[in-house]
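Trainee: I would like to go through this model with you and ask, term by term, what each description rests on.

Mentor: Then let us look at it together.

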Amino acid sequence: MERPQQVNVDMVISERVNFGRVLCPIDLLPDSGEAIRYAAFFAKTCGAELMICHCRGSAQLADPDAEGSLLRLVSRAKLKGPSQRDRVLVMDGDPVVAILQMAADKRVDLIVMRSRSAQHAGALLGSIAEAVCRTAPCPVLVTHPQNHEPGEATAETLLRRVLVAYDFSSDAELALAYGLHLARKNQAELHLLHILPGRARIGALVVPLSAVPGFREMESRLRGAASEMSGLTREIKHAVREGQPYREVLAYAEEQEIDLICMGASGTGFGLHALFGSNVDRVLRSSRCPVIVARPLRPTMPLAC
């Protein structure tokens with residue numbers, strides 16, 4: 001029998017994961033300081049430079065002292081490193097276009113931003129965060145108001161379990177690289193989850209999961225990947241489930257008390273190309289923990305925003 005394809009660990013932990021610059025767009029609302037602290041945690045974890053930006057938008061709604069407000073928020077966050085004025089940036093124009101342009105111009109490696117979605121499951125993601133996730137030139141990490149913040153938890157409890165939704169696509173490999181990198185930095189558990197289509201029914205009977213076509217192959221590939229990465233972080237677990245990918249990812253994250261979900265922006269069953277209803281969209285809207293949407297770095301500005 002042909003040996004199942006395994007992950008090249010050297011490639012997974014290579015220069016594909018280089019968090020040199022982290023960009024945190026904020027909107028100057030009262031809880032923006034928590035968003036800054038969250039971004040600062042990830043920047044510190046990855047040894048990255050943190051840049052914080054605000055877009056004034058239309059002149060009618062602009063804060064006349066946006067830079068001062070931004071500096072006060074940064075000051076209250078008590079960030080270490082470069083001077084506060086050197087790390088803040090104020091922009092004008094459409095927020096989505098400005099954020100994407102800055103991410104491209106500054107060669108940002110990760111955007112960390114807060115969702116402004118409603119609290120109930122299934123609510124639409126805030127339009128700015130949603131648009132940035134769809135067209136960013138780099139991975140995007142989306143946090144939610146209900147997430148635990150660094151001000152409420154220590155580094156040891158903020159990232160204890162990292163889940164990678166893994167469908168063996170190229171973007172899923174990137175998601176795995178980011179998940180492994182962050183799990184190693186925090187000595188967290190790493191979980192690999194693959195979703196198969198729903199089970200076939202014969203009358204009232206349901207075919208056992210172990211009999212679903214592809215189950216044994218996928219379980220073998222996940223086991224091989226986990227074995228190859230063993231010793232790189234505290235513990236690696238793997239699981240194969242069946243059903244709607246977004247439902248299974250969310251259910252697994254709840255059951256295992258996951259602290260961070262990593263997903264590829266595109267791939268088998270996880271694509272982010274539909275306007276509404278894709279699996280990535282639904283995980284972003286309903287997850288109770290932060291989500292990284294992984295994609296290859298693109299140093300140039302996207303043609304369409």
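The conversation below takes up the terms used for this chain.

Mentor: Before we start, this is a predicted model, in which local features need pLDDT of at least 70 and side-chain atom pairs count only at pLDDT 80 or more, while totals for chains, interfaces and linings use all residues. Residues are numbered from 1 along each chain as its sequence is written, and side-chain values use heavy atoms, with hydrogens and water left out.

Trainee: How do you know how many helices and strands the protein chain has?

Mentor: They are DSSP runs, numbered from the N terminus, with helices being H or I over at least four residues and strands being E over at least two. The protein chain has 11 helices and 12 strands.

Trainee: Why is V22 called buried rather than exposed?

Mentor: Buried means under 20% relative accessible area, exposed means over 50%, and partly exposed is what lies in between, with a 1.4 Å probe and protein chains only. V22, in strand β1 (residues 21–25), has 0% relative accessibility and therefore counts as buried. For the protein chain of 305 residues, 53% count as buried.

Trainee: Which residues does V22 touch, leaving out those up to four places away in sequence?

Mentor: Contact means heavy atoms within 4.5 Å, and on that basis V22 touches A39, A43, A48, E49, L50, M51, V108, L110 and V112. The C-alpha atoms of V22 and D109 are separated by 6.0 Å, although these two residues are 87 residues apart along the chain. In the protein chain, 75% of the contacts with a separation of 6 or more are accounted for by residues 24 or more positions apart.

Trainee: What makes E49 partly exposed?

Mentor: E49 has a relative accessible area of 38%, so it is partly exposed, since that class lies between the 20% and 50% limits. E49 is found in strand β2 (residues 49–55), and beyond its neighbours within four places in sequence it is in contact with G20, R21 and V22.

Trainee: Which residues of helix α5 are buried?

Mentor: In α5 (residues 95–105), the buried residues are V96, A98, I99, L100, M102, A103 and A104. A103 has a relative accessible area of 2% and is therefore buried; leaving aside its neighbours within four places in sequence, A103 is in contact with L23, V108, I111 and P137.

Trainee: What makes R107 worth a remark on phi?

Mentor: Most residues other than glycine have a negative phi. Phi of R107 is near 50°, a positive value in a residue other than glycine, and R107 lies in the loop between α5 and β4 (110–114). At 54% relative accessibility, R107 counts as exposed. Phi of Q187 is likewise near 50° and positive; Q187 lies in the loop between α8 and β7 and, with a relative accessible area of 42%, is partly exposed.

Trainee: How do you know that the side chain of H194 makes a polar contact?

Mentor: A polar contact is a pair of N or O atoms within 3.5 Å; within protein, one must be able to donate a hydrogen and the other to accept it, and residues adjacent in sequence count only if both atoms are side-chain atoms. The side chain of H194 reaches the backbone oxygen of Y166 at 2.8 Å. H194 has its place in strand β7 (residues 189–196) and, with a relative accessible area of 7%, is buried.

Trainee: Why are α2 and α8 called roughly perpendicular?

Mentor: Axes are lines fitted to C-alpha atoms, for helices over the stretch in contact, and angles run from 0 to 180 degrees between N-to-C directions. Angles under 35 degrees count as roughly parallel, over 145 as roughly antiparallel, 65 to 115 as roughly perpendicular and the rest as oblique. The axes of α2 (residues 32–46) and α8 (residues 170–186) come within 10 Å and cross at roughly 85°, and the two helices are therefore roughly perpendicular to each other. The contact is made by F41, F42, T45 and C46 of α2 with H181, L182, K185 and N186 of α8.

Trainee: What makes helix α11 largely enclosed by the rest of the structure?

Mentor: Six of the eight residues of α11 (residues 279–286) are buried, so the helix is largely enclosed by the rest of the structure. The buried residues are N279, V280, D281, V283, L284 and R285.
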